[in-house]
Amino acid sequence: MTTPTKQQQAENAIRQWIDNGKYTTGDKLPTIVDMAEKLKLKTQPVRQAIKKLAAAGLLKTVNGVGVFIASPEDSAGKIMVLSNNPAIFEESDLTPEKFINWEIYQGVVDAARKNSLETVICLADDYRENPGILKEKYEREKCCGVISLAMLSNKIWRALLAVAGPGEIVNASYGVFEPGPNNVRVSIKPGFRTILDKAYELGHRRFGFVYGYNADVQWSHMERYRIFMEFCREKSIFMEPGKMISSGGTTMDGYRAALELLKNDSPPSVIIAVTDLRAQGVIQAVKDQGLTVGKDISVAGYDDLPLAAELGLTTVRTPRREIGETAVKMLLRKPGEQETVWVDTVPVFRESLANA
């Protein structure tokens, strides 16, 4: 049987006080110092327990006054989730791009349910012109925090900060750096660099690289480009301009880029595409040239979308549900300003990457 943490011990004790009727609705709890002494704990786990129980709607903290047993009217058991795309909240007809944010949202929902919280969905574009309405909704719904899955304007950030404390807003937008108080970020290098190193270990020296045309404006694509160039410098791999193709994000874009690479007098033995959609196009182009993926030419992608397993595609998995879960955890502990939590990507090896 797992031994409960100090925080869990404090939570269990407070819940027991409520269940046994020792404290009822509206009653003021002892001070944190007194509770810590009574429970033979330090004050920090007691503080953390109170924050979690307040987020779940069981307690109400009044600054400068104390902690009270909450009534249903005091409940703050809702998390506002902001998105630019309503389709991410529907599982049907998910495009690959929507699937990414849908999984992050599922992580939010799972973690919220485990902590007896609900999600309040808001489309950021609806409040672009009048962010004050968003502020009013936050107060009306009695939300305990905000998780953003969208690129938000500075006006919306300011409106949210006016109603929610810095520790009550977390940015979890995928692959985009936002100026929010707290952020869940993805560390691209662990997964992406591991795949590059594995390709080198398998004897590949002639690399083709299909990268995003938006690498100069989108942080995650810029980072993939930077990591690839760093790898080439370290391994003394000279990348001819003709073996680096900037492309759009569709499967057809990947297909066209691969055809350009395969026209080269010395075609690559491995093609790295910065998304699975582009890699899907690369694979089709390789096949249409009468070549075998994993034998004549290896291919790797990034994202680990469901189609990657179907294609036998080596790729990089971003722990999308973990992003959502981490965002909820941050809200429950209400961090100070400018806290960033990183989650690591991981390599997924399949048959599309083989010996040169």
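Tutor: Helices and strands are DSSP runs numbered from the N terminus, a helix being a run of H or I of at least four residues and a strand a run of E of at least two. By that rule A54 is found in helix 3 (residues 43–55). This is a predicted model, in which local features need pLDDT of at least 70 and side-chain atom pairs count only at pLDDT 80 or more, while totals for chains, interfaces and linings use all residues. Residues are numbered from 1 along each chain as its sequence is written, and side-chain values use heavy atoms, with hydrogens and water left out.

Student: Why is A54 called buried?

Tutor: Buried means a relative accessible area under 20%, exposed means over 50%, and partly exposed lies in between (1.4 Å probe, protein chains only). A54 has a relative accessible area of 16%, and therefore counts as buried. Along the chain A54 stands 10 residues from Q44, and their C-alpha atoms are separated by 15 Å.

Student: How do you know how many disulfides the structure holds?

Tutor: A disulfide is a pair of cysteine sulfur atoms within 2.5 Å, and by this test the structure holds zero. Take C144, whose nearest cysteine sulfur, that of C143, is 7.2 Å away, so C144 is in no disulfide.

Student: What makes C144 count as buried, and what makes C232 buried?

Tutor: The relative accessibility of C144 is 7%, which means that C144 falls in the buried class. C232 has a relative accessible area of 3%, and so C232 is buried by that rule.

Student: How do you know which strands are the edge strands of the open sheet of four strands?

Tutor: Two strands pair if DSSP finds at least two bridges between them. The sheet has the order 9-8-10-11 with parallel pairing, and strand 9 (244–247) and strand 11 (298–300) are its edge strands because each pairs on one side only. From one strand to the next the twist averages 15°, where axes are lines fitted to C-alpha atoms, for helices over the stretch in contact, and angles run from 0 to 180 degrees between N-to-C directions.

Student: Why is G254 called buried?

Tutor: G254, which has its place in helix 9, has a relative accessible area of 0%, and is therefore buried. Leaving aside residues up to four places away in sequence, G254 touches R278, G281 and V282.

Student: Why does S236 count as exposed, and why is D304 called buried?

Tutor: S236 belongs to the loop between helix 8 and strand 9, and its relative accessibility is 67%, so S236 counts as exposed. D304 is found in the loop between strand 11 and helix 11 (306–311), and its relative accessible area is 10%, so D304 is buried. Phi of S236 is near 55°, a positive value in a residue other than glycine, and phi of D304 is near 55°.

Notes. Contact = heavy atoms within 4.5 Å.
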